[in-house]
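Please work through the following exercises on charged side-chain pairs. Each task is followed by a solution in steps.

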Amino acid sequence: MFRFQGEIGYRGMKPRRDWIADWVSNNDDLVRSMPIYVGGLSLLAVLFNRTLSGIAPVADASSSQSRADLLTLGLAVTNILNGLVWLSIRPKSISVVNPNGVECQRIASHLPDFVISELLWAWNSLSDVTCCRSLVVVYDGKCILQTGFAAASLSNGSDAVAVDTNKLIEGSLYQGVLKSASQSYLANLSLYPGKSELPFLPSNTQAVILQPLGDKGIAIIGGDTIRGFTSSDQAWITLIGEKLDATLAKVI
């Protein structure tokens with residue numbers, strides 16, 4: 001039923017990373033401290049300006065220059081206080097986890113090469129630019145793709161747990177996604193009772209996206225980070241789902 005694929009691939013368009021967001025994320029302390037630097041420089045600039053201008057250091061309410069300086073000082077102090085607040089309040093650190101499972105790549109043997117190429121393109125795109133570490137595609141009642149990390153079999157630790165499509169289709173997660181015909185994002189999988197319906201994913205999968213493929217299937221994307229899929233990732237996955245559905249509907 002399945003065959004392993006190592007050579008067929010697809011080099012297609014991939015989503016762009018948000019380099020600004022990545023830079024901010026990687027330089028969190030610097031970004032949080034920037035209001036302090038800006039406020040401090042503003043204070044120094046005001047004092048330097050008054051010194052060069054020969055204005056008395058005591059504020060004079062009748063002087064327009066003094067009123068402007070007071071306003072600038074207020075804004076500078078506000079910046080400094082804002083920076084201190086940013087440094088004191090930090091979100092809970094969320095780290096990437098290594099999936100507890102085995103790597104596998106199972107593809108239905110009856111699929112044409114161009115369909116396999118597109119399935120692998122979807123996998124490569126998602127794994128390259130998102131936190132995706134597992135991908136399962138079920139279409140027309142059959143599992144046609146299981147790739148990435150999967151839960152290890154209890155009988156043989158080196159084998160991946162196969163997808164039981166009958167149980168999956170009967171479950172509330174699958175039925176809910178098909179009924180709503182819209183993407184479902186489980187940002188913190190451990191908080192959802194429906195996690196038990198996905199035994200083929202690594203036990204420590206952090207987040208899951210359930211993407212409907214028309215009304216005949218679903219793509220299950222497992223991630224290694226809590227809330228790791230951004231809004232742009234979700235939009236991209238929706239487009240991938242539509243593309244896969246259009247391709248699969250031609251041959252299945």
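The exercises below concern a predicted model and its salt bridges.

**Exercise 1.** State how many salt bridges the whole structure holds, and how confident the prediction is for the chain.

Solution. The search of the whole structure returns 3 salt bridges. The mean pLDDT of the protein chain is 87, with 89% of residues at 70 or more. Over residues 4–10, however, pLDDT stays under 50.

**Exercise 2.** Locate the salt bridge of Asp-28 and classify the accessibility of both partners.

Solution. Step one: the partner of Asp-28 is Arg-32, with the closest N and O atoms 2.9 Å apart. Step two: both residues belong to helix H2 (residues 28–53) and are 4 residues apart, about one turn of the helix. Step three: Arg-32 has a relative accessible area of 12%, so this residue is buried, whereas Asp-28, at 30%, is partly exposed.

**Exercise 3.** Determine which elements are linked by the salt bridge between Glu-118 and Lys-243.

Solution. Step one: the closest N and O atoms of Glu-118 and Lys-243 are 3.6 Å apart. Step two: Glu-118 lies in helix H4 (residues 113–129) and Lys-243 in helix H7 (residues 231–251), 125 residues apart, and the pair thus links distant parts of the chain. Step three: Glu-118 is buried at 9% relative accessibility, while Lys-243 is partly exposed at 34%.

**Exercise 4.** Explain what the salt bridge of Arg-133 and Asp-224 ties together.

Solution. Step one: the side chains meet at 3.1 Å, N to O. Step two: Arg-133 is in strand E3 (residues 132–139) and Asp-224 is in the loop between strand E7 (217–223) and H7, so the pair ties together parts 91 residues apart in sequence. Step three: Asp-224 is buried at 4% relative accessibility, and Arg-133 is partly exposed at 27%.

Definitions and conventions
Residues numbered from 1 in each chain as written. Predicted model: local features only at pLDDT ≥ 70, side-chain atom pairs only at ≥ 80, totals over all residues. Heavy atoms only, no water. pLDDT = per-residue confidence, 0-100. Contact = heavy atoms within 4.5 Å. Salt bridge = Lys/Arg side-chain N within 4 Å of Asp/Glu carboxyl O. Helix = DSSP H or I, 4+ residues; strand = E, 2+ residues; numbered from the N terminus. Buried < 20%, exposed > 50% of the residue type's maximum accessible area, 1.4 Å probe, protein only.
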